[in-house]
Amino acid sequence: MNEEDLVPIQTEGYQVGEKKTLEEYEKLDANDESLRKWKESLGLNKISNASPSDDPRKVIVTALVLEVADREDVVMDVSSPAPLYPMLYPPFFLFFSLLFVIFAYFYCYYLPPFSNLEAIAALKKTPLVIKEGIAYRLKIRFRIQHDVISGLKYLHAVKRTGITFDRTQEMLGSYGPSDKEYEKKFLPEEAPSGLIARGKYIVKSKFVDDDNICHLEWEWVMEIKKDWK
């Protein structure tokens with residue numbers, strides 16, 4: 001899948017604000033009531049409870065969920081423990097571990113422990129089945145820690161037989177560190193129907209913010225069937 005399929009669309013006239021640290025946000029005018037409420041809306045009053053020192057990730061995506069009326073939600077678990085960094089490996093693995101981390105960083109993947117690699121790979125092997133013609137919506141669950149994340153977006157591109165025929169970009173918003181898990185519902189969609197529409201589709205999903213930092217990217221498979229089985 002081409003990287004251009006997951007390049008965020010920029011709103012004309014929108015200017016990304018200056019990046020600030022948590023300390024700088026805390027020092028903003030405390031006498032300004034509107035500013036105080038804005039900081040509370042970002043969860044800046046819960047920093048101490050939300051940022052474990054042993055997990056450097058800032059955005060933790062926990063699940064992508066399929067919601068269909070009168071059916072139980074189908075949850076795609078994309079959570080993983082904190083990545084293992086080189087200092088956790090034996091010294092003689094240090095060099096190769098560091099190269100592995102650098103490679104993963106530039107290709108926008110966080111490293112789960114090796115024991116979870118099979119679970120990550122299973123996302124591409126276990127299709128998310130959707131009955132043709134039904135109305136559904138996707139939901140995303142995530143947490144924020146360590147920093148204020150501005151303009152978090154969810155993007156995905158759908159391909160079949162090598163052709164990209166659908167792209168989605170959803171604005172999730174701006175968030176500060178919190179131990180609360182957020183859930184964002186997307187607009188309802190209708191699954192395609194008919195003999196030609198049935199089959200498997202490759203979907204690539206991505207989470208990126210206003211600073212163009214990619215927090216997670218992965219591929220999964222959606223399969224349109226005549227029925228749920």
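Begin by selecting strands S1 and S2 (residues 74-77): the two pair in the antiparallel sense over four bridges. The model on display is predicted. Within this pair, locate Leu64, which stands opposite Met76 in S2. Next, select the hairpin of S1 and S2, where six residues lie between the strands. Among the residues of this hairpin, Asp70 takes a positive phi near 65°.

Now select the whole of S1, residues 59-67. Eight of its nine residues are buried, so S1 is largely enclosed by the rest of the structure.

Proceed to the open sheet of five strands, whose order is S3-S10-S9-S5-S6 and whose pairing is mixed. S3 and S6 stand at the edges, each with a single partner strand, so one side of each has no neighbour in the sheet. From one strand to the next, the twist averages 25°.

Finally, turn to the largest nonpolar core, which has 34 residues. Strands S1, S3, S4, S5, S6, S9 and S10 each supply at least two residues of this core. In general, nonpolar side chains tend to be buried together in soluble globular proteins. Leu172, Trp218 and Trp220 are the residues with the most contacts inside the core. Select Leu172 and display its surroundings: among the residues that it touches are Ile140, Phe142, Leu152, Phe186 and Phe207.

Conventions. Residues numbered from 1 in each chain as written. Predicted model: local features only at pLDDT ≥ 70, side-chain atom pairs only at ≥ 80, totals over all residues. Heavy atoms only, no water. Buried < 20%, exposed > 50% of the residue type's maximum accessible area, 1.4 Å probe, protein only. Pairing = 2+ DSSP bridges. Core = buried A, V, L, I, M, F, W, Y, C linked by side-chain atoms within 4.5 Å. Contact = heavy atoms within 4.5 Å. Axes fitted to C-alpha atoms, helices over the stretch in contact; angles between N-to-C directions. Lists of a residue's contacts leave out its neighbours within four places in sequence.
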